[in-house]
Amino acid sequence: ASSDAAARGTPTEYPGTIHRKVKGTLILTDSDLTFRPEGSSTNGSKEADASLTIPWSAVEKHQVSPATHPKHLLRVLLQQSVANGASDDNGRKKKAPAKAFELSSRLDLDRV
């Protein structure tokens with residue numbers, strides 16, 4: 001997050017973000033990235049369990065869709081060590097796990 005708000009430690013929120021076909025809000029802080037589905041709360045309700053938090057220390061890199069792409073996609077690649085083991089049952093290396101988010105506008109995607 002390179003916005004002024006994130007630099008001051010204030011969370012930067014991107015409402016209208018879609019992750020795994022669920023609409024919600026993407027929240028960026030100095031320490032992590034959180035996706036909170038619409039209607040979820042922080043009081044421990046069942047819906048809150050669907051939220052996703054990724055510490056920045058677990059992020060290897062991020063990718064954005066080209067400006068010409070019709071969707072505004074953010075893909076976060078996690079470090080190999082975050083995956084459940086670095087290889088599959090046959091000893092082959094697993095691909096780095098990734099999480100994809102569709103933001104509501106190109107402007108929001110460019111701000112990330």
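**Group meeting: the core and strands of a predicted chain**

Of the 16 residues in the largest nonpolar core, those touching the most other members are Leu26, Leu33, Ile54, Leu74, Val76, Phe101 and Leu103. By nonpolar core I mean a set of buried Ala, Val, Leu, Ile, Met, Phe, Trp, Tyr and Cys residues joined through side-chain atoms within 4.5 Å. Buried is under 20% relative accessible area, exposed is over 50%, and partly exposed is in between, with a 1.4 Å probe and protein chains only. Two or more core residues come from each of strands E2 (22–28), E3 (32–37), E4 (52–55), E6 (72–78) and E7 (98–103). E6 gives the largest share, three residues. As background, nonpolar side chains in soluble globular proteins tend to be buried together.

Some conventions. This is a predicted model, in which local features need pLDDT of at least 70 and side-chain atom pairs count only at pLDDT 80 or more, while totals for chains, interfaces and linings use all residues. Residues are numbered from 1 along each chain as its sequence is written, and side-chain values use heavy atoms, with hydrogens and water left out.

On confidence: pLDDT is the predictor's confidence in each residue, from 0 to 100. The chain averages 81, and 70% of the residues score at least 70. Residues 1–7 are below 50, and this stretch has 10 contacts in the model beyond near neighbours in sequence. Residues 84–88 also stay under 50, with 11 contacts beyond four places in sequence. Contact means heavy atoms within 4.5 Å.

Now the layout. The chain has two helices and seven strands, in the order α-β-β-β-β-β-β-β-α from the N terminus. Helices (H or I, at least four residues) and strands (E, at least two) are DSSP runs, numbered from the N terminus. Of the 112 residues, 32% are buried.

Leaving aside neighbours within four places in sequence, leucine 103 contacts Tyr14, Thr17, Leu26, His72, Leu74, Asp108, Leu109 and Val112.

How many aromatic pairs does the structure hold? One. The ring centres of phenylalanine 35 and phenylalanine 101 are 6.1 Å apart and the planes are at 45°, so the pair is tilted. The rule is that rings of Phe, Tyr and Trp (its six-membered ring) pair if their centres lie within 6.5 Å, with planes under 30 degrees apart counted as stacked, over 60 as edge-to-face and the rest as tilted. Phenylalanine 35 is in E3 and phenylalanine 101 in E7, so the pair ties together parts 66 residues apart in sequence. Both phenylalanine 35 and phenylalanine 101 are buried.

Next, strand pairing, which requires that DSSP finds at least two bridges between two strands. E3 and E4 run antiparallel and are joined by four bridges; threonine 34 has threonine 53 in E4 as its bridge partner.

Lysine 21, in the loop between E1 and E2, has a positive phi of about 65° although it is not a glycine. Arginine 20 counts as exposed at 70% relative accessibility, and lysine 21 is exposed at 85%.
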